[in-house]
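Hi everyone, thanks for making time. I'd like to walk you through some backbone details and a few charged pairs, so let's bring the model up on the screen.

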Amino acid sequence: MLEVHSVRRTRQVLATRFCKSGNGQSGAQTATTTTAATTTAASTATTTAATASVASQQSTTGTTTTINQAGVASTTTQEFVEVALVPPERMADQCVLGNSTCGPLHESAVMLLGELKDALTLLEGKVKRDAEEHQEAEQEFNAQMQMIQETKTTLGAQLAGATSRMNAIEGEMELVREERRDLRHQLKRRHEECTTGIREVLGGEICHLRALRGSVVSKSSSLKPQDLVDCEVSDWLPGECSKRCDDSCPKTSGKPCGGTEQMVREVIQPPSQHGVACPPLKQVVACNQVRCPVDCTVSMWSGWSACSRQCGGGVRQRTRSILQQARYGGQACDAATETQPCNTESCHRNCELSPWTPWGYCSAACGGGYQEQRRRVLFESVEGAGKCPSKWSHRRHHTRPCNTHACAGDERCLSQQDLILAVDTSASIGGTGLERIVNFSQALISGYDFSSTTGFFAADGAPGDDTGGHQATICAPAGRQAAAAACCSTDGSSCQTTCGSEPSNQEQARQLYTSQADAAAQCTSRGLRLCTQAELQNNVCQGAGCLVDQVLVWTSDQCAAELANRTAQTRIGVLQFGNGEVMSDGSVSQAKELSPLDYNLSRAQSALRNLPPPAGFSNLPQAFVEAERLFQLQGRRSADAVVLVIAKGKPPFGLHAQQKARELWDAGIRVVVVCLDQFLSSEDAVALKALASRPPEANFLHLPGVLYSQAGADPKPLAQRVLSAACPHSVSPRLEQLRSKADGFLLLRENQACRSTMRNRTLLTKHALDAKYCASLARARNFGFFSSGIGIRRGECYGEQTKCAQGGFFSPSSTDFFEVV
């Protein structure tokens with residue numbers, strides 16, 4: 001079904017493109033037949049064309065009356081014959097291909113192929129995600145089943161132990177019940193015996209004895225009944241038992257088990273002479289004839305088990321074993337199992353974010369840029385329906401406008417950048433469009449070139465020198481050959497041909513000159529002379545020669561190359577994409593490197609002028625791959641990496657392009673996209689905007705004027721817009737000159753110092769408020785140049801005598817180098 005839909009879609013798109021562009025002739029035509037009849041003012045006649053009885057046609061008639069300047073009225077009758085339109089799905093069958101080029105056809109076919117591949121990639125991604133989710137769910141279920149099985153085993157063992165202990169306790173309880181029954185039976189029998197005996201004694205014998213004693217006393221002449229007072233005592237009071245318990249109980253023979261205690265009682269009423277005497281007031285009896293109680297003894301708690309749930313509230317437990325059951329009234333056992341809640345947090349837990357970072361630098365120096373602040377992800381664990389905002393979500397990424405003031409129009413980029421210019425040359429651009437793109441790109445590159453700037457940041461760093469010369473001093477690495485010099489001894493006895501390539505472990509300060517005459521003049525000033533090439537070849541040097549270990553003679557190109565390579569802020573490379581074609585193995589051809597990352601901006605401009613005619617389709621993903629390769633091989637760690645894409649239409653393989661663009665983002669490479677499509681809301685513009693680095697407001701520019709402006713229009717204003725957006729640090733030389741005249745000083749080098757004069761410069765103060773205050777101090781001391789500290793050297797102010805010539809060279813430093821104007 002997908003193949004049938006693709007074929008129909010292909011036929012419709014191709015037919016629409018070629019029928020609308022005039023490359024084919026459609027069978028669906030609309031014919032309009034007009035019949036007009038004019039009459040005089042005296043008579044008005046209406047002529048109506050005959051209506052053709054065609055089933056596929058419909059006719060409508062209209063009458064129009066007009067009055068000319070002479071006042072004569074005329075009536076016109078028109079008949080419109082409309083041919084039934086062919087449905088859009090049948091246009092492919094009605095379209096007949098005429099004379100056409102293969103470029104647009106090829107590009108349209110590849111666009112459809114890209115849509116199919118993107119759809120297939122999305123489907124494969126969905127299948128992969130579903131498979132991963134299924135695998136994760138299956139693993140979670142298996143883990144839960146394993147945990148349940150382990151819990152079941154543990155609980156089974158605990159149940160078996162509890163059952164065994166319960167059976168043992170029930171056996172002991174049965175013995176205790178039987179013993180209790182025996183004791184209660186013995187107690188009852190003994191109680192009955194004691195009660196009977198007491199009743200007999202008290203109710204029988206004592207009563208008879210007292211009655212008998214009363215009869216006798218009544219017969220006596222010397223005794224009276226009141227003379228008979230018996231002793232009365234209190235109840236027994238127990239003392240302290242000698243033992244709490246006795247594990248030898250019970251005993252059936254011998255000394256009774258347990259302890260002893262002394263029972264005491266007091267005399268309540270002493271007896272008379274003839275009364276009954278008091279019984280014993282003390283008595284020792286056995287006590288605590290019981291076994292000692294045994295408390296329950298348990299083991300240490302085990303570790304906590306795994307939580308039954310990872311979120312949403314689960315339980316975990318720990319257990320301990322009963323080593324000794326309680327006996328003889330000992331302390332009973334506490335619970336052998338303890339549970340507590342765990343993982344009570346919600347399953348819908350979001351990731352944890354860091355605080356907001358400070359606002360970053362502005363993306364543009366003028367014309368409106370953006371600052372960013374971000375929040376990092378501290379903990380990415382997300383469970384349930386929890387969410388973690390994306391990197392570009394408003395919860396993790398904020399932007400605000402900055403530097404909204406208008407640009408001067410002649411800005412030059414000061415940022416240290418490695419810029420790769422990726423130019424679209426696909427078939428849809430056309431020859432005229434390519435010419436305009438080249439002019440626009442060259443105007444853009446000129447914004448990075450300071451060699452044509454007079455009076456501000458000239459090529460050698462000296463203001464006012466617009467000759468393009470590079471007469472400066474740098475530290476030349478050992479091993480570099482002199483271009484036109486020989487190394488000879490001062491006495492002329494021998495000539496060392498190897499002096500131009502010292503050992504690789506040495507590095508010496510050398511001077512660079514733009515001509516052999518400059519080097520010869522230096523030799524003459526020292527009383528030496530420069531050896532000729534012939535003397536070098538013959539290994540003979542007549543007279544005193546100029547030592548090359550102090551002087552190197554380079555050509556102007558070599559000198560400019562070396563100096564610019566060390567001091568250039570921006571290096572530019574050029575890539576061509578839009579030359580795509582599908583290879584035999586199904587892959588897409590690579591983008592073409594036209595110019596490597598190089599300080600030589602003229603080389604990049606020359607590469608643009610020599611672009612081949614538009615052909616092929618947009619292979620922008622391959623351009624991203626090639627750009628990343630160039631940055632890896634030729635990029636500088638200290639420079640900002642930027643890919644500037646100039647394109648009209650979206651790439652056929654959109655998902656692949658987005659993937660490669662994101663890889664560049666993750667590698668810290670900024671992607672700036674210049675869209676040349678006529679409409680911002682078009683599908684092409686939306687697709688290209690998705691490739692720009694975040695935020696797109698700072699890295700996407702819609703400039704239809706590059707292709708759709710009037711012929712001969714100046715591309716510099718549009719190029720200035722791109723430069724201001726792509727270069728976060730740009731300045732206007734014209735404004736800087738005006739500002740310098742007003743301030744009285746001119747910035748020559750930023751974050752650099754002249755190494756040759758650092759020992760001889762004069763410290764003016766360590767408490768300079770700013771460069772303006774430092775300039776006033778230098779002017780008062782008649783210094784032509786000065787250095788102002790920044791960073792850790794903020795506040796330091798040094799007076800400089802020269803502009804870093806005569807053996808000096810600039811190198812990175814915590815100072816800025818100025819000239820007093």
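Predicted model: local features only at pLDDT ≥ 70, side-chain atom pairs only at ≥ 80, totals over all residues.

**Backbone first, then salt bridges**

Pro 695 sits in the loop between helix 11 (683-689) and helix 12 (696-699); helices here are DSSP runs of H or I with at least four residues, strands are runs of E with at least two, and both are numbered from the N terminus.

Residues are numbered from 1 along each chain as its sequence is written, and side-chain values use heavy atoms, leaving out hydrogens and water.

Most residues other than glycine have a negative phi. Asn 288, though, has phi near 45°, and you'll find Asn 288 in the loop between strand 9 (282-287) and strand 10 (297-298).

Now, how many salt bridges are there? Taking a side-chain nitrogen of Lys or Arg within 4 Å of a carboxyl oxygen of Asp or Glu, the count is 17. In one of them, Arg 213 pairs with Asp 230, with the closest N and O atoms 3.0 Å apart. Arg 213 belongs to helix 3 (residues 102-219) and Asp 230 to the loop between helix 3 and strand 5 (232-233), so the pair ties together parts 17 residues apart in sequence. Asp 230 is buried at 15% relative accessibility, where buried means under 20%, exposed over 50% and partly exposed in between, using a 1.4 Å probe and protein chains only.
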